[in-house]
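This report covers selected side-chain contacts, strand pairing and backbone features. The sequence and the structure come first.

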Amino acid sequence: LVSNLHSALRLLVPEKAAEPALVDQLNRHVLESSLPNKFITLLLVEIDRGSGTARFLNAGHNPALVLRRDGGIERLEASGPPVGLLPGVSYAAGDLVLGPGDLLCLYSDGITECADAADVEWGEEGLLALLERHRDETLARLIERIEGSCRCHAGAQPQADDQTLVLVRRA
């Protein structure tokens, strides 16, 4: 399923970028080419490095977190269901501007759903608290801290999901 999505994205992204029409096409493609019980959450973010303007589209994925330099926090919430779940749905794109020092965090649910032996999840609260406490550290150090916190929270408990993390800070 992921290979199918990856191929479709490689064909469509140069043409459409992070626009609703792209995700509409991906939704139709996944519905037509996969099993009925398969779907994909997807978060696309296109950033203009010069201006810091960004366009995003969230199809049923965890909300990305934007930690503003001034201490504000924004969530890039889903504007539609996961790709391949329902026919005929529409998606909406959003815009934001990343100012100097702003931090953008995209993560898979394996990060926030990291569970301990009592099945207590680390949660978005754990991720956000760590990011707020250490927001000024290098991105590499933040990634190390998040990985370490997940391992510490889980202890010896094996995790059932991938843990993917992307951090972007505007210089």
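Ser108 is buried, with a relative accessible area of 8%; buried means under 20% relative accessible area, exposed over 50%, and partly exposed in between (1.4 Å probe, protein chains only). The model is predicted: local features need pLDDT of at least 70, side-chain atom pairs count only at pLDDT 80 or more, and totals for chains, interfaces and linings use all residues. Residues are numbered from 1 along each chain as its sequence is written, and side-chain values use heavy atoms, with hydrogens and water left out.

Ser108 sits in the loop between strand E6 (103–107) and helix H3. Helices (H or I, at least four residues) and strands (E, at least two) are DSSP runs, numbered from the N terminus. Leaving aside residues up to four places away in sequence, Ser108 touches His61, Asn62, Asp162, Gln163 and Thr164, where contact means heavy atoms within 4.5 Å.

## The open sheet

An open sheet is formed by 3 strands in the order E1-E2-E5, with antiparallel pairing. Two strands pair if DSSP finds at least two bridges between them. Strand E1 (42–47) and E5 stand at the edges; each has a single partner strand, so one side of each is left without a neighbour in the sheet. On average, and with direction ignored, neighbouring strands of this sheet are turned by 25 degrees against each other. Axes here are lines fitted to C-alpha atoms, for helices over the stretch in contact, and angles run from 0 to 180 degrees between N-to-C directions.

Strands E2 and E5 run antiparallel and are joined by 4 bridges. Phe56 has Gly94 in E5 as its bridge partner.

What counts as a salt bridge is a side-chain nitrogen of Lys or Arg within 4 Å of a carboxyl oxygen of Asp or Glu. By this rule the count comes to 9 salt bridges.

One of them joins the side chains of Arg55 and Asp95, at 2.8 Å from N to O. This pair links distant parts of the chain, 40 residues apart: Arg55 belongs to strand E2 (residues 53–59) and Asp95 to strand E5 (residues 94–97). Arg55 is partly exposed at 23% relative accessibility, whereas Asp95 is exposed at 56%.

Arg141 forms a salt bridge with Glu137 at 4.0 Å, N to O, and another with Glu144 at 3.2 Å, N to O. Arg141 and Glu144 are 3 residues apart in helix H5 (residues 139–154), so about one helical turn separates them. Salt bridges with shared partners join Glu137, Arg141, Glu144 and Arg145 into one network.

Arg141 is partly exposed, with a relative accessible area of 34%. Glu137 is partly exposed at 22%, and Glu144 is partly exposed at 45%.

## Asp119

Asp119 is not a glycine, yet it has a positive phi of about 65 degrees. The residue Asp119 lies in the loop between helix H3 (109–112) and helix H4 (123–133). Is Asp119 buried or exposed? Asp119 is exposed, with a relative accessible area of 62%.
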